[in-house]
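Student: I've got a new structure to look at and I'd like to talk it through. Can we go step by step?

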Amino acid sequence: MGDDVTAFAAGTAVASGSVLISGTGAIAAKIIDHRAVATADGFGWQLGDEGSAFCSARAAARAHHPRPRHR
């Protein structure tokens with residue numbers, strides 16, 4: 001059982017619905033009968049997590065700090 005199903009169960013007693021987690025990581029999931037049947041992202045900071053705190057901070061740092069020039 002992943003974070004998506006656990007977070008959904010912690011927030012409601014119903015068996016089906018959707019959940020969005022956006023913190024250090026990010027994932028959205030469709031839950032049916034307490035099982036994730038479809039997900040978006042949730043691949044970790046190296047492969048995705050668009051919308052996560054890490055992703056937002058990295059984008060801000062890149063926007064304000066130009067890449068060093070190689071000589």
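Predicted model: local features only at pLDDT ≥ 70, side-chain atom pairs only at ≥ 80, totals over all residues.

Student: Which side chain of opposite charge is nearest to Asp41, and how far away is it?

Tutor: Asp41 is buried but has no salt bridge. A salt bridge needs a side-chain nitrogen within 4 Å of a carboxyl oxygen. For Asp41 the nearest side chain of opposite charge is Arg58, at 8.9 Å.

Student: Where is Arg58, and is it buried, partly exposed or exposed?

Tutor: Its place is in helix H2. The cut-offs are under 20% for buried and over 50% for exposed, with partly exposed in between. Arg58 has a relative accessible area of 25%, so it is partly exposed.

Student: How far is Arg58 from Thr12 in space?

Tutor: Along the sequence, Arg58 and Thr12 are 46 residues apart. From C-alpha to C-alpha, the distance between Arg58 and Thr12 is 33 Å.

Student: Back to Asp41: which residues does it touch?

Tutor: Leave out residues up to four places away in sequence, and then list what remains. Asp41 touches Ala26, Ile27, Gly48, Asp49 and Glu50.

Student: And Gly42, where does that one sit, and what does it touch?

Tutor: Gly42 lies in the loop between strand S3 (35-41) and helix H2 (53-64). Again skipping residues up to four places away in sequence, Gly42 touches Ala26, Ile27 and Asp49.

Student: What is the relative accessible area of Gly42, and how far is its C-alpha from that of Ala29?

Tutor: Gly42 is partly exposed, with a relative accessible area of 39%. Gly42 and Ala29 are 13 residues apart along the chain, and their C-alpha atoms are separated by 9.3 Å.

Student: Now Asp4. Where is it found, and which opposite charge is nearest to it?

Tutor: Asp4 is found in helix H1 (residues 3-11). Asp4 is buried yet has no salt bridge. The nearest side chain of opposite charge is 11 Å away, and that is Arg35.

Student: What does Asp4 touch?

Tutor: Set aside residues up to four places away in sequence. Asp4 then touches Val19, Ile21, Ile27, Ala29, Ile31, Ala36 and Thr39.

Student: What is the phi of Asp33, and what is the phi of His34?

Tutor: Most residues other than glycine have a negative phi. Asp33 is not a glycine, yet its phi is positive, at about 50°. His34 has a positive value as well, near 65°.

Student: Where are those two, and what are their relative accessible areas?

Tutor: Asp33 has its place in the loop between strand S2 (26-32) and S3, and His34 lies in the loop between S2 and S3. Asp33 is exposed, at 54%. His34 is partly exposed, at 44%.

Student: How far is Arg67 from His34 in space?

Tutor: The place of Arg67 is in the segment after H2, and Arg67 is exposed, with a relative accessible area of 68%. Arg67 and His34 are 33 residues apart in sequence. In space, C-alpha to C-alpha, they are 45 Å apart.

Student: Now the whole chain: in what order do the elements run?

Tutor: There are 2 helices and 3 strands in the chain. From the N terminus on, the order is α-β-β-β-α.

Student: Why is the chain said to be more spread out than a compact globule?

Tutor: The globule rule gives 11 Å for 71 residues, and the radius of gyration here is well over that, so the chain is more spread out than a compact globule. Along the principal axes, the C-alpha trace spans about 60 × 15 × 15 Å. The radius of gyration itself is 16 Å.

Student: Last one: how far apart are the centres of the positive and negative side chains?

Tutor: The chain has 7 positive and 6 negative side chains. The centres of those two sets lie apart by 17 Å.

Conventions
Residues numbered from 1 in each chain as written. Heavy atoms only, no water. Helix = DSSP H or I, 4+ residues; strand = E, 2+ residues; numbered from the N terminus. Buried < 20%, exposed > 50% of the residue type's maximum accessible area, 1.4 Å probe, protein only. Lys, Arg positive; Asp, Glu negative; His and termini not counted. Contact = heavy atoms within 4.5 Å. Rg over C-alpha atoms; globule rule 2.2 N^0.38 Å. Charge placed at Lys NZ, Arg CZ, Asp CG, Glu CD.
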